[in-house]
Amino acid sequence: FLSVTGLDFSEPSLAYARKTARKKLVFDGKSGSDSDNPTLKNVEFIQGSAYELPFDDGTFDGAVASDVFEHFSNLQVALNEIYR
């Protein structure tokens, strides 16, 4: 099954991501009145550093990084972490 994990160093950024996901993502596969009580399925948001990802090697099949590389002080360390 498909799952999505979001990671950010900033808790306010994670709070924004959670809020946005609740608005735009899975509403438990239902519509109508149930849409008033959205639940995220297979979506997780974690606070952490790209320099020391809190995951075992080979945890993910793929990775997406959007608008972040220009913010890394050590891009190679971050890329090595993402690759593993």
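Is serine 13 buried, exposed or partly exposed? Serine 13 is partly exposed, because its relative accessible area is 33%, where buried means under 20%, exposed over 50% and partly exposed in between, with a 1.4 Å probe and protein chains only. This is a predicted model, in which local features need pLDDT of at least 70 and side-chain atom pairs count only at pLDDT 80 or more, while totals for chains, interfaces and linings use all residues. Residues are numbered from 1 along each chain as its sequence is written, and side-chain values use heavy atoms, with hydrogens and water left out.

**Helix residues**
- Serine 13 belongs to helix H1 (residues 11-24), helices being DSSP runs of H or I with at least four residues and strands runs of E with at least two, numbered from the N terminus.
- Between the C-alpha atoms of serine 13 and glutamine 47, which are 34 residues apart along the chain, the separation is 9.4 Å.
- Glutamate 81, located in helix H2 (residues 75-83), is buried, with a relative accessible area of 15%.
- When neighbours within four places in sequence are left aside, glutamate 81 is in contact with Ala50, Tyr51, Glu52 and Leu53, contact meaning heavy atoms within 4.5 Å.

**Loop residue**
- Aspartate 67 sits in the loop between strand S2 (43-47) and H2, and is exposed, with a relative accessible area of 61%.
- Although aspartate 67 is not a glycine, its phi is positive, at about 55 degrees.
- Most residues other than glycine have a negative phi.
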